[in-house]
Amino acid sequence: MKMKKIFILILMTLVFYGSGVYAQSRNIFFLIPFYMPETNVGLTFTDILHFKKDDQKHFSALNFFALYTLKNQFSIGAMPSIYFDGNNYLLEGKLVYTSFKRKYFGIGNDSSKDDEEDYLNRKHGAGISFSKKIIKNFMLGVQYNFEDMTIQNTKDTGQLQYCKTNGIVSGAGFKATFDTRDSNIYPTKGVLARADYLVYNNKFASKYDYSKIKFDFRNYFYVYEKKVLFSYQIYSEFINGNAPIQVLPAIGGANMIRGFYANRYVDNILLAVQPEFKIKITNVVSLALFTGIGNVYNSLEDINLRKIKIASGAGIRIKVKNNPKLNFRIDFAASNESRGTYFTLMEAF
């Protein structure tokens, strides 16, 4: 509890600092309905403060949000991303509390929908990272993550009774970022390459002992004048050790292989590729065409790139803010076993 109060105090300080010191400061407020298969209809409040100095490349951001759905689910939190000293230093963080109904289908890429069971996932947590620019476009940093998780309302005869689900995960590690994007809000050119390594064990008061490695590569460029933007993401996660099911890499949802139900497939390893075209129709509206290809695996020996999941779809982007550019996203996606419709802010990657 003391750590949360300190984190909130830091956020409040950054709000006053960002709105008062930086030359370019914009506060963006939204109260909009949204829909995703996992949540049904909901209402989200978002307050995003973007700010930067004239000589800085990227916008800093303070994102405060709260959402509630017709399934009696809610989430509240704050996520700061603050650049200092002309983009030489970056402070990132999160403070989140969620209570969401989820579905569990089992572990592995051949889990069956017949084993589907509902549960209530509750968690609160905080995380922080600090990075320093080493050379142009390249930053190294340290990070810490804490989450207290619990699963409730499970079936007495379901698979979840045999899974590791409750308790604290707490870990620290390193991150490396190479970023040449022209914007960190809505990039149209450049690449982002990020690697994260975190170790969770009892030295950090964690109930679970495991390590997590994550690689995220994104590339953006126009293929026809400034009307057709092509981007793609290559993403992977690797977990080694005794991890609870809530933190296992997963396919599905609004950002990772849209068209599958969120957390439809979970396991220790995730490999995915997501290409996307955005076609400018007017100054406000764009059309998006996308595909997600990937799968989860239990171990390195089990990786079989011919055994993959595929989902594709189309969507509409409606510009709601010009500088920095923000879009309202409406995506329709389908896989061989399910469909998804997503109404939300920001891009998938």
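Arg258 and Asp331 are joined by a salt bridge, with 2.8 Å between the closest N and O atoms. A salt bridge here is a side-chain nitrogen of Lys or Arg within 4 Å of a carboxyl oxygen of Asp or Glu. Arg258 lies in the loop between strand 12 and strand 13, and Asp331 lies in strand 17 (residues 326-335), so the pair ties together parts that are 73 residues apart in sequence. Strands (E, at least two residues) and helices (H or I, at least four residues) are DSSP runs, numbered from the N terminus. Arg258 is buried, with a relative accessible area of 2%, and Asp331 is buried with 0%. Buried means under 20% relative accessible area, exposed means over 50%, and partly exposed covers what is in between (1.4 Å probe, protein chains only).

The model is predicted: local features need pLDDT of at least 70, side-chain atom pairs count only at pLDDT 80 or more, and totals for chains, interfaces and linings use all residues. Residues are numbered from 1 along each chain as its sequence is written, and side-chain values use heavy atoms, with hydrogens and water left out.

Glu276 is buried, as is Arg258.

Strand 14 also holds one end of another charged pair. Lys278 forms a salt bridge with Glu347, and the closest N and O atoms are 3.6 Å apart. Lys278 lies in strand 14 and Glu347 in the segment after strand 18 (339-345), so the pair ties together parts that are 69 residues apart in sequence. Lys278 counts as buried at 5% relative accessibility, and Glu347 is buried with a relative accessible area of 15%. A network of salt bridges links Arg258, Glu276, Lys278, Arg317, Arg329, Asp331 and Glu347. The count of salt bridges comes to 19.

Aromatic rings form another set of contacts. Rings of Phe, Tyr and Trp (its six-membered ring) pair if their centres lie within 6.5 Å; planes under 30 degrees apart count as stacked, over 60 as edge-to-face and the rest as tilted. By this rule there are eleven aromatic pairs. In one of them, the ring centres of Phe230 and Tyr232 are 6.0 Å apart and the planes are at 40 degrees, so the pair is tilted. Phe230 counts as buried at 16% relative accessibility, whereas Tyr232 counts as partly exposed at 22%. Phe230 also pairs with Phe277: the centres are 4.8 Å apart and the planes at 45 degrees, so this pair is tilted as well. Phe230 lies in strand 11 (residues 228-241) and Phe277 in strand 14 (residues 269-280), so the pair ties together parts that are 47 residues apart in sequence. Phe277 is partly exposed, with a relative accessible area of 35%. Phe217, Phe221, Phe230, Tyr232 and Phe277 form one aromatic cluster.

Phe221 and Phe277 also belong to a nonpolar surface patch of about 600 Å², made together with Val223, Tyr224, Ile281, Leu287 and Leu289. Patches are made of residues with over 30% relative accessible area and no salt bridge: like charges are joined within 9 Å, and nonpolar side chains (Val, Leu, Ile, Met, Phe, Trp, Tyr) within 5 Å. Accessible areas come from the Shrake-Rupley method with a 1.4 Å probe; for residues, only the protein chains shown count as cover. Strand 10 (210-224) and strand 15 (285-297) are the elements that give two or more residues to the nonpolar patch. Strand 10 gives the most, with three residues. Phe221 has its place in strand 10 and is partly exposed, with a relative accessible area of 32%.

The whole chain can now be described. The protein chain has one helix and 18 strands. Its radius of gyration is 20 Å, close to the 20 Å that the globule rule gives for 349 residues, so the chain is as compact as a globular protein of that length. The radius is taken over C-alpha atoms, and the rule is 2.2 Å times the number of residues to the power 0.38. Of the 349 residues, 50% count as buried.
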